[in-house]
Amino acid sequence: MNTGRSSPARRAVARQRLAVLGSTGSIGTSTLDVAARHPDRFEVVALAAATQVDRMLAQCERFRPRLAVLASAAHAAELEGKIRARGLPTRVEHGPAALEQLASWDEVDSVMAAIVGAAGLAPCLAAARAGKRLLLANKEALVVGGEVFLRAVQAGGATLLPIDSEHSAIFQSLPEDASTWAARIDKIILTASGGPFRTRAPATLAAVTPEQACAHPNWVMGRKISVDSATMMNKALEVIEARYLFGVAPEQLEVVIHPQSVIHSMVQYRDASVVAQLGTPDMRVPIAYGLAWPERIASGAPALDFRALQDLSFESIDDGEHRLRFPGLALAWQALRAAPGSCAVLNAANEVAVAAFLQRRLRFDQIHQVNCTTLERVLPQHPDSLEALLELDAQARAEAARVVRSCAG
């Protein structure tokens with residue numbers, strides 16, 4: 001794959017023209033925070049978000065991008081009226097087509113892809129085909145897109161840089177020459193905090209509320225990914241993403257619970273040595289690494305103070321109670337070994353189930369039931385294009401919605 005490590009152009013862009021997809025979310029705002037610290041290195045030329053008009057307006061006032069894209073015509077019209085009233089130079093557009101055009105725009109060098117869910121796949125593909133420096137915070141691009149997405153990266157000559165803290169940690173722990181990875185790597189170990197329910201009795205999980213599930217002990221995240229962390233489905237998706245990013249077999253991927261979130265992931269080599277990346281649990285660290293690669297710049301995150309660290313502890317995911325708390329994690333390996341497209345089915349089912357839980361239409365413990373049942377009922381036919389992937393995604397969502405209704409009934 002064409003990651004930054006294997007790119008022949010080992011130099012930083014003098015002043016990157018940056019587009020941020022999902023600019024009003026947690027990753028987007030952290031990206032803009034890092035960029036604002038280095039105005040000599042980054043120019044924010046385009047922003048995209050879903051519906052948060054006022055937050056987007058504030059970002060347009062601060063960064064004065066040339067283009068802003070919102071999901072709907074109504075939200076775009078509201079934003080445009082406020083932008084014109086303030087005399088800002090930003091052009092406003094809306095909809096999926098505008099989002100894809102933004103991601104592939106000639107005026108953009110680097111794209112931070114931080115749109116949550118399968119909705120981020122099409123613009124990620126557009127950026128890849130256009131040969132952008134693609135900072136991937138949208139794990140679904142690989143979970144759903146798989147080989148289709150990797151082919152677009154190769155065909156477009158894009159530079160793919162992982163932004164998830166775990167995948168950034170792995171990337172930083174790998175050799176410079178990507179062609180040596182297969183011969184050197186024994187396994188990749190992803191760490192998981194265990195979320196808010198790491199020590200909760202499994203029998204009580206049916207009573208979990210959305211507020212409890214979104215109260216992550218270490219990270220500040222959006223509601224959907226917070227729920228995924230609580231079920232550990234986020235780790236399942238990260239296992240799938242790591243398989244595609246780093247070209248390893250499913251059996252070379254392992255997860256270990258590390259409650260302190262200081263070691264972000266590790267690579268174990270054939271000689272049994274382990275290389276790990278450590279840092280404070282602040283997303284600005286991997287964001288700064290991706291933005292500046294191959295250089296390093298200040299992220300704004302506090303430095304890790306080893307004197308203040310009391311313990312670095314680890315727990316096996318194979319512990320009996322952890323298996324009961326986090327049954328969804330095993331679905332990653334199940335989907336990877338199933339028919340091509342099964343990972344897309346799993347992602348779609350989980351998005352529908354989490355949305356239903358957040359709307360209080362589904363119990364927390366029923367999220368796994370929806371995911372399993374949807375995987376059993378939707379049999380993919382090796383999707384090999386964006387259109388086929390989107391059709392499969394729609395089919396899986398429809399089936400997952402039926403399962404949710406049956407659970408609620």
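This is a predicted model: local features need pLDDT of at least 70, side-chain atom pairs count only at pLDDT 80 or more; totals for chains, interfaces and linings use all residues.
**View 1. Helices H15 and H17 cross each other.** Two packed helices are described by the angle and the distance between their axes. Here, helix H15 covers residues 342–358 and helix H17 covers residues 386–408; their axes come within 8 Å and cross at roughly 40°. That angle is why H15 counts as oblique to H17. The crossing of H15 past H17 is right-handed. On the H15 side, the contact is made by Ala-344, Val-345, Ala-348, Ala-349, Glu-351, Val-352 and Ala-356. H17 contributes Leu-392, Asp-393, Ala-396, Arg-397, Ala-400, Ala-401 and Val-404. Sorted by class, this contact of H15 with H17 holds 11 nonpolar and three charged residues, with no polar ones.

**View 2. Five strands form an open sheet.** Follow the strands across in the order E11-E10-E8-E9-E12, and you will find mixed pairing. At the edges are strand E11 (274–278) and strand E12 (315–316), each pairing on one side only. Strand E8 (residues 185–192) and strand E10 (residues 263–269) run antiparallel and are joined by five bridges. To find your place in this pair, look for Ile-185, which stands opposite Tyr-269 in E10.

Methods
Residues are numbered from 1 along each chain as its sequence is written. Side-chain values use heavy atoms; hydrogens and water are left out. Axes are lines fitted to C-alpha atoms, for helices over the stretch in contact, and angles run from 0 to 180 degrees between N-to-C directions. Helices (H or I, at least four residues) and strands (E, at least two) are DSSP runs, numbered from the N terminus. Angles under 35 degrees count as roughly parallel, over 145 as roughly antiparallel, 65 to 115 as roughly perpendicular and the rest as oblique. A crossing is left-handed if the near helix is turned anticlockwise from the far one by less than a right angle, and right-handed if clockwise. Contact means heavy atoms within 4.5 Å. Ala, Val, Leu, Ile, Met, Phe, Trp, Tyr, Cys and Pro count as nonpolar, Asp, Glu, Lys and Arg as charged, and the others, Gly among them, as polar. Two strands pair if DSSP finds at least two bridges between them.
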